Amino acid sequence: MDTTTLFRLDDRIALVTGGSRGIGKMIAAGFIAQGATVYISARKADACFETAKELGEKCIALPQDVSTVAGCKALAAQLAEHTDRLDILVNNAGAAWGEPFEDFPEKGWDKVMDLNVKSPFFLTQALHAPLKAAASAGQPAKVINITSIDGQRLNPWETYSYQASKAALIYLTKRMAARLVTDHINVTSIAPGAFASEMNKAARDHGSAIAQSIPAKRIGVDEDMAGAAIYLASRAGDYVIGDTITVDGGLVHAALGTSIDA
């Protein structure tokens, strides 16, 4: 048994949505460090190109809004101009909305559910052919959905559509996994806890205070997220299918008291 290359991603091609910042950028950087070529997509073109430049020649920007089925198909067409196979897809693009129950608007429901649940399904569908082209019994292709601990437990905030969307995506991961494993495509998810990002401003701006409610007594750092994604994307994670890995410092499974939002 040779474990020296167990976590390497040499010659793999990956696509990370929402890859210009936050968790998506952490994952993209981690994949590149392990030898992968990574395409990143984001709605804001300038940010997408800026991050690709920062991460180096093995990172290619494909700006696109994947909040619609048309956008998902457009991104698949963009990728096809560069490659006919895709080893790893990370469905990371997401949105959140918080508002009191009495005032929660339809747009706050539709925007979040469309991007967080609908888009991962239809983007994976649009990329089914290049994923199959890369997949084999000896080296399955990987689809990694970025969910959230808010799909596993309640937070104290009125983020109705966000919590519903992340719970839905955790179970959609299982359903997709059951079908796509027959094509040698493994579908899994990562449920992050408190990581500093534009979406999680509390962790970004008040990390020290937030950390006191986390059993590990710190918020997540880049290596925590990159490590989990590399594990699932590499040979090391080939026998993990349909599961959700919780990366939260113990907040869901080892906390004794009231927890914080993530």
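Student: I clicked on Asp46; where is Asp46 found?
Tutor: Asp46 is found in helix 2. Helices are DSSP runs of H or I with at least four residues, strands are runs of E with at least two, and both are numbered from the N terminus. Before we go on: this is a predicted model, in which local features need pLDDT of at least 70 and side-chain atom pairs count only at pLDDT 80 or more, while totals for chains, interfaces and linings use all residues. Residues are numbered from 1 along each chain as its sequence is written, and side-chain values use heavy atoms, leaving out hydrogens and water.

Student: Why is Asp46 called exposed?
Tutor: Buried means under 20% relative accessible area, exposed means over 50%, and partly exposed is in between, using a 1.4 Å probe and protein chains only. Asp46 has a relative accessible area of 67%, so Asp46 is exposed.

Student: Which residues is Asp87 in contact with, leaving aside its neighbours within four places in sequence?
Tutor: Contact means heavy atoms within 4.5 Å. On that basis Asp87 is in contact with Asp11, Arg12, Ile13, Ala134, Gln139, Ala141 and Lys142. With Ile13, look at the atoms themselves: a polar atom of the Asp87 side chain lies 2.8 Å from the backbone nitrogen of Ile13.

Student: Ile13 takes me to the strands. How do you know that strand 1 and strand 2 pair?
Tutor: Two strands pair if DSSP finds at least two bridges between them. Strand 1 (residues 13–17) and strand 2 are joined by five bridges and run parallel. Ile13 has Thr37 as its bridge partner in strand 2. Strand 2 also pairs with strand 3 (residues 59–61), again in the parallel sense, over three bridges, and there Ile40 stands opposite Ala61.

Student: Why is strand 2 described as largely enclosed?
Tutor: Four of the five residues of strand 2 (residues 37–41) are buried, so the rest of the structure largely encloses this strand.

Student: Why is strand 5 called largely enclosed?
Tutor: Six of the six residues of strand 5 (residues 141–146) are buried, so it too is largely enclosed by the rest of the structure. Ala141, Val143 and Asn145 point one way, Lys142, Ile144 and Ile146 point the other way, and all are buried.

Student: Which strands pair with strand 5?
Tutor: Strand 4 pairs with strand 5 in the parallel sense over four bridges, with Asn91 opposite Asn145. Strand 6 runs parallel to strand 5 and is joined to it by six bridges, with Asn145 opposite Ser189. The chain crosses from strand 5 to strand 6 through helix 6, and this β-α-β crossover is right-handed.

Student: How many aromatic pairs are found in the whole structure?
Tutor: Three. Rings of Phe, Tyr and Trp (its six-membered ring) pair if their centres lie within 6.5 Å; planes under 30 degrees apart count as stacked, over 60 as edge-to-face and the rest as tilted. Phe101 and Tyr160 are 5.9 Å apart centre to centre, with 70 degrees between the planes, and form an edge-to-face pair. Phe101 sits in the loop between strand 4 and helix 4 (106–126), and Tyr160, 59 residues apart from it, in helix 6 (residues 160–180).

Student: Why is Phe101 called exposed, and Tyr160 partly exposed?
Tutor: Phe101 has 58% relative accessibility and so counts as exposed. Tyr160, with a relative accessible area of 33%, is therefore partly exposed.

Technical notes:
Polar contact = N/O pair within 3.5 Å; in protein donor to acceptor, adjacent residues only side chain to side chain. Right-handed = clockwise from strand over helix to strand, strands pointing away.
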